[in-house]
Amino acid sequence: MSAKAVADLITRLRTELAKLTALQAQQEAGMEDMGIQVEGLLDDTGTLGERVLALENRLAEFLHRFSALEKAVDELQVGGVMQHANPADEGDAKPRKRNNALQSVVRACLYGYMGITKATPPPEPLPDGRFWTEDDPESPDRLLRPHWDEWSENQVAWLREMVHAVQDKGYKYSNSMTSEKIAAVPISTIEAAIEASYESMRQRYKALHQPLTDQQERARQNRRKGRKKAKATERENHHAEVPALQAPGFNFAFKWQYQSTDESDNKGGAIDANTDNESNDEVPVVTNSRQRPWKSRPPQYRVPLVNEQLRILDKRVVAENLNSSNQGNAHHARVVGEPKNTPLPTIRKARNTATASVDTLANQTTTGAVVMLNPEG
C-alpha cells in the first residue's frame, strides 16, 4: 500500500471518528435534557402534593377555630353568665332562658361604641390601661377598646356606662324592643347580657390571635416554597432575553431555592406582581391588583450585581404578563421587604455541576460578571 493510500485511510478514519464523537456528545446532551425534564416533572408532582397538604392544613385550622367559636356560643345559649344575672336565682337548677332580643340590642350597642360591624374582627386593646380612644365622654370620636384578657377589669372600667347606653339608646338598634321594654329589664340582666357579648367577642379575638401550630407552620413554609418555584419558572422562561445572565456563574439564580421569600403582608403600596424590586434604585411598577400584596425579602447573601441583573430580567417578565390575556390570575402584587438572613441552601447536585457558595456569590470581576462558581462538597 502506497503512502498516499495510507494517508487517505487515516483521513477517512479521523473523519469517521469525529462524526462518532459528535454523535456521542449529541446523545449525552439529549440524555441530560431528559434528566432535567424528569427532574422538572418530579418537582411539579411535589408541588401539587404540597399544595394539597397546605389546603388540608388550612381546612383543619378553620375547623379548629369554628369548633372553638361554636363551643362558646353553645355555652352562652344554655345559660352561661345569664343564669347568674340575679343572685337570688343561684339555687335554681334550671338555666335562665336567653333573651335574644335584648342580646341583639346589647351586641349592636357594643359594635356601635367600638366603631365596628359584625364582620369586623374585635379591635386591638389600647396600651397603658386605657379603654377609650378619647378621654372626653362627649367627643364624637370616642370609641370603646376593651381588653381581652379577662372580664373583671372591663367590668370596672366601662360596664356601668354601657348599661346606661343600652337603657338610653338601645331601642334605636331594635325593631322589637321599645324604650319602655328596655327600661323594664333589670340592670343585672343587662349587665349579664353585656358580659355574654363581651365573652363571645373575647373568644373570637383569642381564636384570631392564637399562635401557629407546627402543622400551620409547615403549611406556611409550603406556601412560600410554591411561590419561589413559580418565580424561578417565570425567570427561567425568559433567561435567554438577558445576555449577561448567560454566564455560567448566574446558573444558581434560576433555581427556586435561591429565590427571595414572598411573605403574606398587606402593608404598603402594591408593586408589580412578578418582580422582586430588590435594588435600591428601582422604581416599582404599580398595579391595580385587588389581592393583598406579598412582602418580597431577598436573601442577604445575594450581591447587588445579581439583584441588578434579575431586575432587568423581571422587567421582561412583567411586560410579558401584562401583555398576555391568560396571565391575569397568576399576577400577584409584591412590596419591597427588608433582606432576610437565611443560610445558603443545600441542593442535591448532579455530576459535573456546581452550587453557589457564600464566597463565590460575593466574588465579582472588574468587568461586572460573576466568576465561575466552585462546586461544594
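1. The model is predicted.

2. The chain has 377 residues, and 37% of them count as buried. Its accessible surface is about 23400 Å², with 53% belonging to carbon and sulfur atoms. Among contacts with a separation of 6 or more, 71% are between residues 24 or more positions apart.

3. Helix 6 covers residues 214-237, which is 24 residues. From first C-alpha to last it reaches 35 Å, close to the 34 Å expected at 1.5 Å a residue.

4. What does Lys231 meet in a salt bridge? The partner is Asp262, at 3.4 Å from N to O. This pair links distant parts of the chain, since Lys231 is in helix 6 and Asp262 is in strand 1 (residues 261-264), 31 residues apart. Both Lys231 and Asp262 are buried.

5. The side chains of Lys340 and Glu263 form a salt bridge at 3.4 Å, N to O. Glu263 is in strand 1, while Lys340 is 77 residues away in the loop between strand 3 (334-336) and helix 8 (358-362). Both residues are buried.

6. Arg297 and Glu338 form a salt bridge whose closest N and O atoms are 3.7 Å apart. Arg297 belongs to strand 2 (residues 294-297), and Glu338 to the loop between strand 3 and helix 8, 41 residues apart.

7. The structure holds 13 salt bridges. A network of salt bridges links Arg224, Glu263, Arg297, Glu338 and Lys340.

8. The whole structure has 8 aromatic pairs. The rings of Tyr113 and Trp132 are edge-to-face because their planes are at 75°, with the centres 6.4 Å apart. Tyr113 is in helix 2 and Trp132 in the loop between helix 2 and helix 3, 19 residues apart. Both are buried. Trp132 also has Arg142 over its face, at 3.7 Å from the ring centre.

9. Phe252 and Tyr258 have ring centres 5.2 Å apart and planes at 75°, so this pair is edge-to-face. Phe252 is buried at 6% relative accessible area, and Tyr258 is buried at 2%. Elsewhere, ring pairs join Trp148, Trp151, Trp158, Tyr198 and Tyr205 into a cluster.

10. One backbone angle deserves a check. Most residues other than glycine have a negative phi. Asp128 is not a glycine, yet its phi is positive, about 60°. Asp128 is found in the loop between helix 2 (100-114) and helix 3 (151-169). With a relative accessible area of 74%, Asp128 is exposed.

Key. Residues numbered from 1 in each chain as written. Predicted model: local features only at pLDDT ≥ 70, side-chain atom pairs only at ≥ 80, totals over all residues. Heavy atoms only, no water. Buried < 20%, exposed > 50% of the residue type's maximum accessible area, 1.4 Å probe, protein only. Contact = heavy atoms within 4.5 Å. Areas by Shrake-Rupley, 256 points an atom, 1.4 Å probe, with all protein chains shown as cover. Helix = DSSP H or I, 4+ residues; strand = E, 2+ residues; numbered from the N terminus. Expected span 1.5 Å × (residues − 1). Salt bridge = Lys/Arg side-chain N within 4 Å of Asp/Glu carboxyl O. Phe/Tyr/Trp six-rings, centres within 6.5 Å; stacked < 30°, edge-to-face > 60°. Lys NZ or Arg CZ within 6 Å of the ring centre and 35° of its normal.
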